[in-house]
Amino acid sequence: MIKIGNAKIKDLDKVVELENEIWPEGTRASKEKFESRLKIFPQGFFLALKNEEVIGTSTSEIINYEPENPPTSWENITDKGYIRNHNLNGNALYVVSIGAVSRSGGGSALISAQKNLAQKLDLKYLILGARISGYDKYCKINKEININDYVKLRREDKELIDPELRFYTRNGLKLHKIISNYMQEDKESRNYGAIMVWENKSKDK
Ligand SMILES: CC(C)(COP(=O)(O)OP(=O)(O)OC[C@H]1O[C@@H](n2cnc3c(N)ncnc32)[C@H](O)[C@@H]1OP(=O)(O)O)[C@@H](O)C(=O)NCCC(=O)NCCS
């Protein structure tokens with residue numbers, strides 16, 4: 001069974017260890033950045049645990065989200081990962097990072113935790129910028145294809161071809177916009193990102 005809890009300072013070495021295990025070089029965050037996120041918004045810093053082992057982590061911050069003017073880069077929206085721009089007057093919880101051991105179920109449990117927090121804080125949206133991590137590989141194996149066409153491709157079972165977009169849509173988020181140069185060194189995604197949105201329907205009731 002997966003347990004979700006809030007991270008403490010003493011957990012940060014484990015968090016960094018996991019980050020280095022699961023993320024490609026160029027997309028990993030340093031301990032300093034995690035320390036800053038924990039200091040500024042501890043409520044949004046979750047750990048997923050299985051048999052007392054950390055199998056996933058996720059961090060978030062509050063932003064003001066305007067659908068017609070979505071975030072343009074991860075660096076901007078997250079203050080380069082330090083979240084000093086955390087905005088208590090904002091309307092959305094933005095997922096700064098999420099990472100889990102592949103197919104552990106940790107990823108889905110962490111998305112649920114962030115959604116629950118958005119509801120608890122009475123925020124209208126949960127937002128994140130997804131990598132489009134299957135894009136480069138797909139082009140190399142099949143043929144070069146435009147990113148707008150790629151994100152619509154589906155498998156025989158009707159689920160999206162891209163593994164990360166599939167994961168987020170399965171967890172209730174919808175693709176709002178594709179952004180070029182969303183991340184600086186994300187070769188797998190050819191630096192594209194997808195703004196994914198979940199609307200908190202309990203807000204305004
Ligand atoms: C995306 C991520 C948060 C999902 O968390 P998770 O605990 O694996 O999620 P779940 O078990 O709830 O769901 C699995 C789904 O995640 C998606 N997924 C995205 N990237 C994935 C990956 N690298 N490995 C496995 N699943 C991945 C798939 O849609 C998968 O569903 P599938 O079985 O139909 O392919 C997690 O896999 C992750 O952190 N990936 C990033 C790290 C990474 O890509 N590492 C490899 C490159 S170095």
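Lys 50 belongs to strand β2, one of 7 strands that form an open sheet. Please keep in mind that this is a predicted model.

**Lys 50 and its surroundings**

- Lys 50 and Ile 2 are 48 residues apart in sequence, yet their C-alpha atoms are 5.0 Å apart in space.
- Once neighbours within four places in sequence are left aside, the contacts of Lys 50 are Ile 2, Ile 55 and Ser 104.
- Across the strand pair, Lys 50 stands opposite Glu 53 in β3.
- The hairpin of β2 and β3 has 2 residues between the strands, and Asn 51 there takes a positive phi near 50 degrees.

**How the sheet is laid out**

- The strand order is β1-β2-β3-β4-β5-β7-β6, with mixed pairing.
- β1 and β6 (174–179) stand at the edges with a single partner strand each, so one side of each has no neighbour in the sheet.
- On average, neighbouring strands of this sheet are turned by 25 degrees against each other, direction ignored.
- In a regular strand, side chains alternate between the two faces of the sheet.

**Strand pairs, one by one**

- β2 and β3 run antiparallel and are joined by 5 bridges; here Phe 46 has Ser 58 in β3 as its bridge partner.
- β3 and β4 also run antiparallel, with 8 bridges between them, and Thr 59 stands opposite Ser 97 in β4.
- β5 and β7 are antiparallel and joined by 7 bridges; in this pair Arg 131 stands opposite Gly 193 in β7.
- β6 and β7 are antiparallel too, with 5 bridges, and the bridge partner of Leu 175 is Met 196 in β7.

**Which strands are covered**

- β3 is mostly covered, with 10 of its 11 residues buried.
- In β7, 6 of the 7 residues are buried, so this strand is largely enclosed by the rest of the structure.

- Helix α4 spans residues 106–120, which makes 15 residues. From its first C-alpha to its last, α4 reaches 21 Å, close to the 21 Å expected at 1.5 Å a residue.
- Which residues of α4 are buried? They are Gly 106, Gly 107, Ala 109, Leu 110, Ile 111, Ala 113, Gln 114, Leu 117 and Ala 118.
- The cover over these buried residues includes strands β1 (2–6), β2 (46–50), β3 (53–63), β4 (92–100) and β5 (125–131), along with helix α7 (163–170).
- Just after α4, Asp 122 takes a positive phi of about 60 degrees.

**The α1 and α2 pair**

- Two packed helices are described by the angle between their axes and the distance between the axes.
- For α1 and helix α2 (residues 31–40), the packing angle is about 130 degrees and the axes are 10 Å apart. That makes α1 oblique to α2, because angles over 145 degrees would count as roughly antiparallel and those from 65 to 115 as roughly perpendicular.
- The crossing in which α1 passes α2 is right-handed.
- At the meeting of the two helices, Leu 12, Val 15 and Val 16 in α1 face Lys 31, Phe 34 and Glu 35 in α2.

**Lys 14 in α1**

- Lys 14 sits in helix α1 (residues 12–22).
- Is Lys 14 buried or partly exposed? Lys 14 is partly exposed, with 15 other C-beta atoms within 10 Å.
- Lys 14 and Glu 35 are 21 residues apart in sequence and 12 Å apart in space, taken from C-alpha to C-alpha.

Definitions and conventions:
Residues are numbered from 1 along each chain as its sequence is written. This is a predicted model: local features need pLDDT of at least 70, side-chain atom pairs count only at pLDDT 80 or more; totals for chains, interfaces and linings use all residues. Helices (H or I, at least four residues) and strands (E, at least two) are DSSP runs, numbered from the N terminus. The expected span of a helix is 1.5 Å times one less than its number of residues. A residue is buried if 20 or more other C-beta atoms lie within 10 Å of its own, exposed if 12 or fewer, and partly exposed in between; C-beta atoms are placed from the backbone. Two residues are in contact if their C-beta atoms, placed from the backbone, lie within 7 Å. Two strands pair if DSSP finds at least two bridges between them. Axes are lines fitted to C-alpha atoms, for helices over the stretch in contact, and angles run from 0 to 180 degrees between N-to-C directions. Angles under 35 degrees count as roughly parallel, over 145 as roughly antiparallel, 65 to 115 as roughly perpendicular and the rest as oblique. A crossing is left-handed if the near helix is turned anticlockwise from the far one by less than a right angle, and right-handed if clockwise.
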